[in-house]
Amino acid sequence: MNYITLKSPPVREERLGTGVAFGGTAGELRCAQREGCINRASRAFSQTQGCQFTLSLGIINSLRNAVIIMHGPIGCGSCSIGAVGASQSFKRMRDPNAEGLIWLNTNLNEADVIAGGENKLKEAIRYADKEFRPETICVPISCVPSLIGDDVDAVVAELQAETAAVLIPIHCAGFKTKAMATAYDDVYHGVLRHLVKKPNLREDQRTVSDDLSDLRRKYRDSRTVNLLNVGSMSRQDEAELERLLNAIGLNARWLPCYSSAEDFRYALLSALNVSICGTHDDYFIEHLKVLYGIPYVIDTMPIGRKNTARWLLKIAEHFDLQDRAQQLIDAESRELDEALAQFRPYLKDKRVFLGGGEIRVVATAEILQDLGMKVIGFKGHHYDRFAEPLFESLEDVDDVLFNVATQQPFEQINLVNRLKPDLYIGHTGGGNLSAKQGLPLLPLFGPTYNYMGYSGVFEVARRIRRILANGQFNKKIARHCPLPYKASWYEQDPFHYIKEA
Amino acid sequence: MGRTLDQVRYKCALGAMQTVQSIERVLPILHAGPGCSDKLSTGNGNSGHFAPRIFPCTNLSEKEIVFGGEERLRETIENALRVIDADLYVVITGCSSEIIGDDSAEVVNSFRLQGKPVIHASTAGFKGNNYLGYEWILQALFEQFLDDGREYETEKGLVNVFASLPLHDPFWYGNLDALENLLADIGLEANIIFGYGKGLKNIERIPRAEFSLVVNPWLGLESAQLLEQKFGVPCLHYPNLPVGAFETSKFLMEVSEFAKLDVEKTKKLIADKESKYYYYIERFADIFLENRIMSKRFTVVSDAQYALALTRFLVNDMGLFPQKQYAMEDVPARHQSTIREYFKDMNYGIEAEISFETDGHTVHDEIEKADYMGYPLLIGSAWEKKVAVETAAHFLSISWPLNERLVINSSYVGYEGALKFLEDIYSVVLTRYT
């Protein structure tokens, strides 16, 4: 795979055969994926979802010393308002002096739709470079400039000579794909083409280096892995994964969220790239292998003890550290068993529906089975081969229902109404709808909570125990606030509106 | 204005989906790209009955961009009518569907001809912001839902009320509520279409109203004037959202006179209200008079509505002096000179300078350079927090984006509202002692 000479990456429907509409069992879904036919369906009715523009912001809004220029009408990027506080506090966990999120909007209007928005973008880039002196300026390109034919790459090529900041166009027009995870490819594409380059070590050294410190550095790098974090992770998750790696003698560098420009350069010195979520990273690490010869591991997501062990062993294997890793896994697992004992009686046989990113829902299901709970339904934003390894940690899920849908709560509400779970674990933004079905609710992720590694299993168990112990708020809201669907919809097949594309 | 903006105070016209959302049982259907709603659904208290994830959307993709999206829209409306239970469906269009030239109005008309409750408003993001989008939604309701040749009889004492931008202004609900109560006090019935228990039945009463009352320096005025043209409902434009005793009493008198009510009765009511208001002020007068840290000069960075309302209150009731004020919602040029005059109409000939700047960064530079003769009092949005820290200001966040406060149904309007405003300001001021 090498798409790096293209202006923008291919969409995932084409590159990975990603599907966004499916209703059936997990077994049927995996079979359809293997046969390569899950990307052939769409919907005759749909509700609002996200687009690759909004999802791109998940990474680029987190970059340190960066200014974001939303190239589009004034509404594009408006959602960043909610990220202002979190972006600042999470950046400051890395660098106490970090600036908060700065973003501008080129504010395209009717005249620009006719005349083109390139001049406005040039003005905005010059202004951002002069006024804020950032290391990088990211330009996510929305639908309007894509439709009217703005050549943003040409603008960037022209201005790069006069700006101090590195300019990164992100081709993420929402209409181009319904598999919004293509956003990650868009961001990495821009990063790979404009930001990633070998660090100039000689320039960085203040004194003449000696052979010994050179060797020390090389040894340290040979024992360092790049961990590719995702926007839904917390600092606690990072600390837990780092703890496990340190315990087997490895160091971690974190990319891309909350990184600064130089982090992307030094990352090229590491010995291995490690994916945490296959949906995020394959485009980036495959290209790093092709372009810079860095090997990678992309397999499972370290949520749940089996997945964590598998993740850790895959990394250890690369460094021939399996024995140390296995010892650590055994010790952690024993400790976890002791810690979980207090929760098991409360959680046994409780029935759970999970909705959200397909990697994350299947991974989280492992924790539930570990606790003796029953997984009775999945909903994933999309589906492709990267969810496959996660099924290996689960038992008896072939007949469990799997709905592939980016948001589309009407399908899920219908499904949940039939399945009647005891608990719903879901992606952010849909909580208010599931609560109206009276269900206790655990957020599928939260950037201030720990879900990953061994401590993550304990934290999830502890939180489910608490949530199940007092579900009154949700019961009451369900009693007073009905959902807005027609009664006839609940009689209908939940997958009625899925059709051949 | 079409220049690059930093720390902006509004969304694009498609943000008017929130105007639709705030009318009970009226559902927006978006003919737009897949992420548009996600980008625009920030606000306060919008996980309502029709939460943004409920809105049907055509989620335009490459296929529709190339071949046209009208069929996709038709299919989406048809199935929305089957799946979601609403009284009225409002199709609103985003940039991509308008650039490719879909005739959404025609698709919607075909449903209306079948007697389906569907109307259409053009709200492409490049055409304007969500303040203008609000007017376009109102106009679509008046033209497509009400203007069907029916005759309407006037209901004595019924008043259409338009004030703050729903779901965008954090206090929109409380403001309408407070205005409704003030009107009830002088014997008028407010006809409001936004919020709890209103909805279509109130929209249907709009042409029957004795008059429309627009309580905003400019927003809603042109829509109300359309009602005058179409249904002969006269319009009383009261530019100032009344906050505090002085302004509220003035408001009640002017409305009473316009509605030809018994002015003596209103005067009696005002005397009672002011007496109670000053009972509270008297009890807390030592705080207002004798603390030495309250600001002398203030700046409001908000929309024209609050810039005017809070400036008038702080000057006319509290005796403060205005520094420069900012109305940041991209006030249409045709309204600006009139609004400037409103800021010159204060007691003792005190005047305030009003700026229609839309770029937050520019405004903050000006605030940093201004001399407030002590701690500034800065009333704005989450964007002002940083400049407030830098200038050691007393800072109160009241406008979108509002990130650090929860506002459910409170308001600064009227006699009671002003007391709430004072509570909020002094709850910040008094933290200097702790």
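The structure is a predicted model, in which local features need pLDDT of at least 70, side-chain atom pairs count only at pLDDT 80 or more, and totals for chains, interfaces and linings use all residues. Residues are numbered from 1 along each chain as its sequence is written, chains are lettered from A and ligands numbered from 1 in the order in which they are written, and side-chain values use heavy atoms, leaving out hydrogens and water.

An open sheet of 5 strands, with mixed pairing, runs in the order 6(A)-5(A)-3(A)-4(A)-1(B). Strands (E, at least two residues) and helices (H or I, at least four) are DSSP runs numbered from the N terminus, and two strands pair if DSSP finds at least two bridges between them. The edges are strand 6 (166–171) of chain A and strand 1 (5–6) of chain B. Strand 4 of chain A pairs with strand 1 of chain B in the antiparallel sense over 2 bridges, with L104(A) opposite D6(B).

Contact (heavy atoms within 4.5 Å) involves 62 residues from chain A and 59 residues from chain B. On the side of chain A that touches chain B, 30 residues are nonpolar (Ala, Val, Leu, Ile, Met, Phe, Trp, Tyr, Cys and Pro), 22 polar (the others, Gly among them) and 10 charged (Asp, Glu, Lys and Arg). Between the chains there are 2 salt bridges, defined as a side-chain nitrogen of Lys or Arg within 4 Å of a carboxyl oxygen of Asp or Glu. E75(B) forms a salt bridge with K499(A), the closest N and O atoms being 2.9 Å apart.
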